[in-house]
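Here are my notes after a look through the model you sent.

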Amino acid sequence: MSQNKPIKSDNEVLVKVEGLSKKFCKDLKTSLWYGIKDLISGVRGSNEVSELRSKEFWAVKDINFELRRGECLGLIGHNGAGKSTLLKILNGLINPDIGKVTIKGRVGALIELGAGFNPILSGRENIYNNGAILGFTRKEIDGKLDEIISFAELEEFIDMPVQHYSSGMKVRLGFAVAAQMEPDVLIIDEVLAVGDLGFILKCFKTIDTILPRTAVIFVSHNMPMISRICSTVILMESGKPVFIGENVSKGIDLYYNTFLTGEDSDVVFTDNSLNFINASVDGVISENNIYNVKWGESIELNLNLKNISLTKKPFISLVIYDKEQRAVAEIYPESQELIDIQKNTDINFSFNIKNIYLSKGVYNITLNASEKPSFNFYYKIHKAITLRVEHDKQMWTSFLLDSEAINS
C-alpha cells in the first residue's frame, strides 16, 4: 500500500445523510401485502411512507450527519438500536423509506462476516471479485494483490476455497481487501471483534495510515476501540440518534449509563457461613444505590455482613470493575485482625481507601470473604457497592492520574 499517495481535497464531505428513515414490518405476510400496496401507490404517484401502519416500526428514524475526509464516525448503541440497518442503507444494500444518502467516491465495506465472498471461489479469486465491485481494473488489483495477501497473512491458503476459511481468516481477508484498496469511504462493522489482538492492532495502524485520505464509519460494542479511532460519535437507541457530537467520551458515557438500571447484585459463591447485608460510604448518601465520590478524595468504606457459622472474623478483599467490566484495581486492606467472633451476629468492616484517581464514571466493587488472604473463600458477591467518580473532565481510560506541568 502506498503511503505517499497525495491527500485529496481537505475537509471534503464524502458522506451526507439527510432525514434518513427506514421502517420494517414485524410480520412476513403483512409485509408482503404492504409491499404490494406500496407498489400500487408508487404507480399512482402517492406517498404514504411517512406514517406507520399496523405491525410496522421504525428501524431507523430521522438520521442526519455529514462525514468528511479524514474523519472517523463511531456508531454505538445496544443490539437492535438500528446500527446495522443504517450501515446497510449506507452501503446500498437496502433503500430508505424517507431521506437521502449522498456518498462520493468508492465505498469499501466490512459489514458481515464473509459478506461479499463467494464461498466456492478461492481467496485470490474473491480478491479480484471484490476489487472489481469497488471499481478497480484488473491491472490495479494486480498491483495490490501481494500486499493484500501479505496483510491478511494467508499466503499458504490464498488458493483454497473461502468456504474452508475460519472466521478469523475471513475477517483478515475482508479487511485486507477493504483497506488496502484505499476506498474513499470505509465502513467497518463489529467483525473486527473476531480477530486476534495482533491483527486488531495491525488494523488500527492501517486505519491511522489511510484515514487522512478516507472517511471511516466504525461500528463496535467495544468502547476502547471507538475511543481509539473515532473523531465523532452517534449513539442510537430504538432507531433514533440520542447523541451526535465530537465529544466521543460523553457519547460513550451515555452509552454506559443505559446499562446501569438493569444490573442487580449477584452472589457468585457462598458456603452459607456468611450473608452480605449492605455497604456504604461514610458521610455520603446514595442515589439509586450509587455513591458519588469526588476524584482524588479519600473515602471510608463500610461493609456489614451477617455471620452464620464462622468462629473467626474473615479476611475481606475487594476488586473494582470499570464500565467494560474489566478488573482495574484491587483493594487488599492490610492489618485485618482475624479475631474470634460469635455465630449469628453482624460483623462490621471499615476501610480507608486513599486518593481515588479513577476516571470519571461508574465502578462496581466485588467483595470477597475468605479464611486468609486468597485462601479458602467463604463468600463472593459482585456489585456489593457502586461508586460514581465525579470530575469535570470526561475520560475513557480507567485512571486519571494526579499531575501538573513543570514550567522551565
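**Notes on the model**

1. Let's start with helix 2, residues 83-90, which is mostly covered: six of its eight residues are buried. After helix 2 comes Gly 92, with a positive phi near 80 degrees. Do keep in mind that this is a predicted model.

2. Six strands make up an open sheet with mixed pairing, and their order is 5-6-7-3-8-9. The edges are taken by strand 5 (107-110) and strand 9 (240-245); each has a single partner strand, so one side of each is left without a neighbour in the sheet. From one strand to the next, the twist averages 15 degrees.

3. In general, strands of a sheet pair through backbone hydrogen bonds, either parallel or antiparallel.

4. Which residues have the most contacts inside the largest nonpolar core? They are Ile 127, Leu 173, Phe 175, Ile 188, Val 216, Phe 218 and Ile 226, in a core of 51 residues. Helix 5 (residues 167-180) gives the most to this core, namely eight residues. Another core lies apart from it, with 33 residues that include Val 281, Leu 318, Ile 356 and Leu 358.

5. Setting aside neighbours within four places in sequence, Ile 226 is in contact with Gly 74, Ile 76, Phe 218, Ser 220, Val 248 and Ile 252. One of these partners, Phe 218, is also on the list of residues with the most contacts inside the largest core.

6. Last, the cavities. How many cavities of 30 Å³ or more are there? The count comes to three, and the largest cavity has a volume of about 90 Å³. The largest cavity is lined by 13 residues, and those nearest its centre are Tyr 256, Lys 323, Glu 324, Arg 326 and Trp 396. Helix 7 (223-229) and helix 8 (248-257) each supply at least two residues of this lining. The largest share, three residues, comes from helix 7.

How values were computed:
Residues are numbered from 1 along each chain as its sequence is written. This is a predicted model: local features need pLDDT of at least 70, side-chain atom pairs count only at pLDDT 80 or more; totals for chains, interfaces and linings use all residues. Side-chain values use heavy atoms; hydrogens and water are left out. A nonpolar core is a set of buried Ala, Val, Leu, Ile, Met, Phe, Trp, Tyr and Cys residues joined through side-chain atoms within 4.5 Å. Buried means under 20% relative accessible area, exposed over 50%, partly exposed in between (1.4 Å probe, protein chains only). Helices (H or I, at least four residues) and strands (E, at least two) are DSSP runs, numbered from the N terminus. Contact means heavy atoms within 4.5 Å. Two strands pair if DSSP finds at least two bridges between them. Axes are lines fitted to C-alpha atoms, for helices over the stretch in contact, and angles run from 0 to 180 degrees between N-to-C directions. On a 1 Å grid over the protein atoms alone, a cavity is a set of points where a 1.4 Å probe fits but cannot get out, and a pocket is an open set with protein on both sides within 12 Å along at least five of seven lines; lining residues have an atom within 4 Å of a point. Grid points are joined across faces, edges and corners, and a volume is the space filled by probe spheres set on the points.
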